[in-house]
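Reader: I would like to learn how to read a few features of a model. Please take them one at a time.

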Amino acid sequence: MVLCQGGEAAAVPAAAGKEPEVPLSREDGAGLPCLCPAPGMEAAGAEERRVRGCCSGLSWPRCCKAPGTKKEAACPGLGLFYTVLSAFLFSVASLFLKKIEDVHSVEVSAFRCVFQMAFVLPGLIYYKTGFLGPKGKRIFLLFRGFLGSSAMILLYYAFQVMPLADATVITFSSPVFTSLLAWIFLKEKYSIWDLLFTLFAITGVLLIARPPFLFGSNVTGIEGSYTDHLKGTIAAITSTVSAALTFVILRKVGKSVHYFLSIWYYAVIGLIGCVIALFVMNEWRLPYCGKDRVLLILIGLLGLGGQIFLTKALQIEKAGPVAIMKTMDVVFAFILQILFLNHLPTWWTVGGALCVVASSCGTAIRKWRQSLKKAKENEI
């Protein structure tokens with residue numbers, strides 16, 4: 001008999017003149033060798049099994065997989081499930097942010113940066129990436145850290161001063177602005193469809209903001225004063241544009257910089273900026289209430305968990321379906337706002353949400369189809 005393991009054959013003596021018993025392997029054939037008939041003693045059908053990549057006398061594919069065959073995913077929808085779970089964790093973190101009473105949004109952002117650093121530091125040490133990155137990429141990493149942390153701080157401020165669903169919907173226009181900014185700075189293609197999606201997103205934002213020069217002075221369905229609502233809207237839009245610029249920078253850097261290093265810059269620069277801003281505004285203080293302290297920790301953990309599951313989703317699923325499934329953020333925001341904040345969204349908000357979600361999904365689907373078309377062309 002011949003022992004085949006790892007594609008190589010080695011002679012195996014027969015024990016006591018008997019053919020050794022063929023062991024039953026697992027379905028994936030992992031960790032168990034394959035026993036093949038010796039030359040000149042092939043059983044019927046062995047040649048066919050060898051062509052199909054199986055070398056034992058067992059029925060294919062019980063002993064080994066055919067070379068070059070792709071490993072099937074353990075669960076086909078696992079990436080989309082991770083996306084939904086990530087959206088849920090981010091939404092719950094936003095809800096807890098609304099529940100905090102005596103902590104400024106900048107201080108919440110500082111705690112979030114601390115959690116990010118604690119998570120990324122072991123990864124930097126393990127992968128030996130260093131803490132500064134390649135010399136030619138450091139300026140891009142600095143801008144990435146500044147813009148990313150600014151987007152987080154502004155978004156947290158928007159969550160605190162305006163309805164949860166409104167702020168969430170505005171942030172979903174980020175893919176549309178990313179396409180526009182990539183056309184400006186990276187010379188990527190920008191079609192009439194992209195322009196249409198951009199106009200849809202702007203329309204949705206206007207329906208949510210409801211500026212007085214378009215909707216009059218009597219604006220209903222907002223939290224607090226209209227001044228705070230307008231400040232929150234401006235903060236959410238600026239956060240969205242900052243996030244879009246961050247994506248453009250990440251595209252520019254590409255795979256030349258490890259993603260752990262990118263997150264590290266984001267956390268370090270964000271923490272430094274938050275600490276400086278807190279001392280300038282004289283807002284640095286530990287929350288007096290034990291509930292707020294618990295919520296701060298939970299916001300950090302939930303934000304970190306959401307980031308991890310989103311990263312895992314993008315590792316095992318295409319970006320297009322993930323971007324579409326992320327619209328569950330909006331659904332969760334509406335549900336949590338109604339159930340726990342007792343704030344019913346207005347029809348203006350619902351209409352704006354439909355416009356923004358439609359534009360974001362349209363952009364994601366178009367980019368997905370373009371990537372599939374490019375992949376097919378490369379195969380040809």
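Author: Helix 14 gives the most to the lining of the second largest pocket, with ten residues. This is a predicted model, in which local features need pLDDT of at least 70 and side-chain atom pairs count only at pLDDT 80 or more, while totals for chains, interfaces and linings use all residues. Residues are numbered from 1 along each chain as its sequence is written, and side-chain values use heavy atoms, with hydrogens and water left out.

Reader: How is a pocket defined, and what volume does the second largest pocket have?

Author: On a 1 Å grid over the protein atoms alone, a pocket is an open set of points where a 1.4 Å probe fits, with protein on both sides within 12 Å along at least five of seven lines; lining residues have an atom within 4 Å of a point. Points are joined across faces, edges and corners, and the volume is the space filled by probe spheres set on them. Here that volume is about 420 Å³. The lining has 13 residues, and the closest to the pocket centre are Arg366, Lys367, Arg369, Gln370 and Ser371. Two elements give two or more residues each: helix 7 (192–209) and helix 14 (347–379). Helices are DSSP runs (H or I, at least four residues), numbered from the N terminus.

Reader: How do the lining residues of the second largest pocket divide by type?

Author: Three are nonpolar, three polar and seven charged. Ala, Val, Leu, Ile, Met, Phe, Trp, Tyr, Cys and Pro count as nonpolar, Asp, Glu, Lys and Arg as charged, and the others, Gly among them, as polar.

Reader: What is a nonpolar core, and which residues have the most contacts inside the largest one?

Author: In soluble globular proteins, nonpolar side chains tend to be buried together. A core is a set of buried Ala, Val, Leu, Ile, Met, Phe, Trp, Tyr and Cys residues joined through side-chain atoms within 4.5 Å. Buried means under 20% relative accessible area, exposed over 50%, and partly exposed in between (1.4 Å probe, protein chains only). The largest core has 38 residues, with the most contacts made by Ile100, Val108, Tyr156, Phe159, Val169 and Val330. A second, separate core of 14 residues includes Met117, Leu141, Val253 and Leu261.

Reader: How many aromatic pairs does a search of the whole structure find?

Author: Seven. Rings of Phe, Tyr and Trp (its six-membered ring) pair if their centres lie within 6.5 Å; planes under 30 degrees apart count as stacked, over 60 as edge-to-face and the rest as tilted. Tyr126 and Tyr127 are edge-to-face, at 5.0 Å centre to centre and 85° between the planes. For Trp183 and Tyr190 the centres are 5.2 Å apart and the planes are at 25°, so this pair is stacked. Ring pairs also link Phe81, Tyr82 and Phe309 into a cluster.

Reader: Is Tyr265 buried or exposed?

Author: Tyr265, in helix 10 (residues 259–281), has 8% relative accessibility and so counts as buried. Leaving aside neighbours within four places in sequence, its contacts (heavy atoms within 4.5 Å) include Phe131, Leu132, Arg138 and Leu141. Ala267 is also in helix 10, and its relative accessible area is 0%, so Ala267 is buried.

Reader: And what about a charged residue, Asp166?

Author: Asp166 lies in helix 5 (residues 164–171) and, at 2% relative accessibility, counts as buried. Not counting residues up to four places away in sequence, Asp166 touches Ile208, Arg210, His229 and Thr349.
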